[in-house]
Amino acid sequence: MFLETKGLTKHFGGLAAVSQLDISVKEGEIVGIIGPNGAGKTTVFNLITGFIRPTAGAVKFKGKEITRKKPHLIAKMGIGRTFQLAYLFPEFTVFENIVSSFNLHPKSGFWEALLKLPSYRRKEREILEQSEEILHLLGLEDVKHVLGKNLPHGHQKLLTMARALAIKPQVLLLDEPIGGMSLEEVKYAMTVIEKIRSKGITLLIVEHNMRIMALCDRVIVINFGNKIAEGSMREVRQNKEVMKAYFGREDAA
Ligand SMILES: Nc1ncnc2c1ncn2[C@@H]1O[C@H](COP(=O)(O)OP(=O)(O)OP(=O)(O)O)[C@@H](O)[C@H]1O
Ligand SMILES: [Mg+2]
């Protein structure tokens, strides 16, 4: 299995935010995680990416256990993420925000940088080229020189995806990528997510907005930290427990 959690559990004091959660994601899949507010979705992402440590259970990536590894090491192994709230440098332009995300790959040594050796200049050029590619992939060319803080909300969300792509992830975890977007922005962001998938990147997406589910091969529903259903969108929509947890009623929405 490409990415897998087994018995993943996180307690905050007396609260079981995530309980005995088993998730499996195959390479190339888009898997959605849905569930009501406070269900534990963001906590799952924080556990997978090493931002918090589990009370119990394990996370495996490409067969290797990564539980309790530091976030930057997990990122380096190929697991990228975005945050629920747009996370960017407000005083940097869009392009600078993307370029600065590449420092997760500090392949250049101190002397190399100080002396501006040809090898350093080559790496610098590569980063600029790759940043242009990401800018193009996300369709952010028109706002390349706009400061982060002056971007509309939808563009800020896209920029956080752009920044996450800089680590060259094999799997990307998106936490509410279309949250708070207008319908037009949602439609556009969904085409961007499709493009990211077509680059061979596996996706795990947390979202409240059910529109996103049109992109997902499979959906996992969690409530109070427990998995309550899993399957195609059609299958989970017919699940009574899901309807009760998600919509507060038992008939399908
Ligand atoms: N650092 C923390 N300390 C204590 N409790 C926390 C912490 N982080 C999350 N929780 C609690 O764990 C539960 C799950 O939170 P989480 O943020 O994972 O939910 P979520 O499904 O992402 O919700 P939302 O849809 O609102 O983003 C909540 O009850 C939350 O209050
Ligand atoms: Mg959340």
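1. Glutamate 91 and lysine 149 form a salt bridge in which the closest N and O atoms are 3.2 Å apart, a salt bridge being a side-chain nitrogen of Lys or Arg within 4 Å of a carboxyl oxygen of Asp or Glu. Glutamate 91 lies in the loop between β6 and α3, and lysine 149 in the loop between α5 (118-137) and α6 (153-165), so the pair ties together parts that are 58 residues apart in sequence. Helices (H or I, at least four residues) and strands (E, at least two) are DSSP runs, numbered from the N terminus. With 51% relative accessibility glutamate 91 counts as exposed, whereas lysine 149, at 43%, is partly exposed; buried means under 20% relative accessible area, exposed over 50% and partly exposed in between, with a 1.4 Å probe and protein chains only.

2. This is a predicted model, in which local features need pLDDT of at least 70 and side-chain atom pairs count only at pLDDT 80 or more, while totals for chains, interfaces and linings use all residues. Residues are numbered from 1 along each chain as its sequence is written, chains are lettered from A and ligands numbered from 1 in the order in which they are written, and side-chain values use heavy atoms, with hydrogens and water left out.

3. The salt-bridge count comes to 8, and one of these pairs is arginine 218 with glutamate 29, whose closest N and O atoms are 2.9 Å apart. Arginine 218 belongs to strand β9 (residues 218-223) and glutamate 29 to the loop between β2 (15-25) and β3 (30-34), so this pair ties together parts that are 189 residues apart in sequence. Arginine 218 is buried, with a relative accessible area of 16%, and glutamate 29 is buried as well, with a value of 9%. The two residues also belong to a network of salt bridges that links Glu29, Arg218, Lys227 and Glu230.

4. A further salt bridge joins glutamate 194 to arginine 197, with the closest N and O atoms 3.9 Å apart. Both residues lie in helix α7, and they are 3 residues apart, about one turn of the helix. Glutamate 194 is partly exposed at 35% relative accessibility, and arginine 197 is partly exposed at 22%.

5. Strand β7 (residues 171-175) is largely enclosed by the rest of the structure, because 5 of its 5 residues are buried. Both of its faces are covered, with Val171, Leu173 and Asp175 buried on one side and Leu172 and Leu174 buried on the other. In general, the side chains of a regular strand alternate between the two faces of the sheet.

6. On the pairing of this strand, β6 and β7 run in the parallel sense over 3 bridges, where two strands pair if DSSP finds at least two bridges between them; leucine 172 of β7 is the bridge partner of glycine 80. β7 also pairs in the parallel sense with strand β8 (residues 202-206), over 5 bridges, and leucine 174 has isoleucine 205 of β8 as its bridge partner. The chain passes from β7 through helix α7 (residues 183-198) to β8 in a right-handed β-α-β crossover, meaning that, with the strands pointing away from the viewer, the path from the first strand over the helix to the second runs clockwise.

7. Elsewhere, 4 strands form an open antiparallel sheet in the order β2-β1-β4-β5. β2 and β5 (64-65) stand at the edges with a single partner strand each, so one side of each is left without a neighbour in the sheet. Strand β1 (residues 3-12) pairs with strand β4 (residues 56-61) in the antiparallel sense over 5 bridges, and in this arrangement leucine 3 stands opposite phenylalanine 61 in β4.

8. The magnesium ion (ligand 2) has Thr42 (OG1) and Gln84 (OE1) as its protein donors, lying 2.0 to 2.3 Å from it. Donors are N, O and S atoms within 2.8 Å of the metal (3.2 Å for Na, K and Ca), and since water is not among the atoms, sites may look incomplete. Threonine 42 is partly exposed at 25% relative accessible area, and glutamine 84 is partly exposed at 35%.
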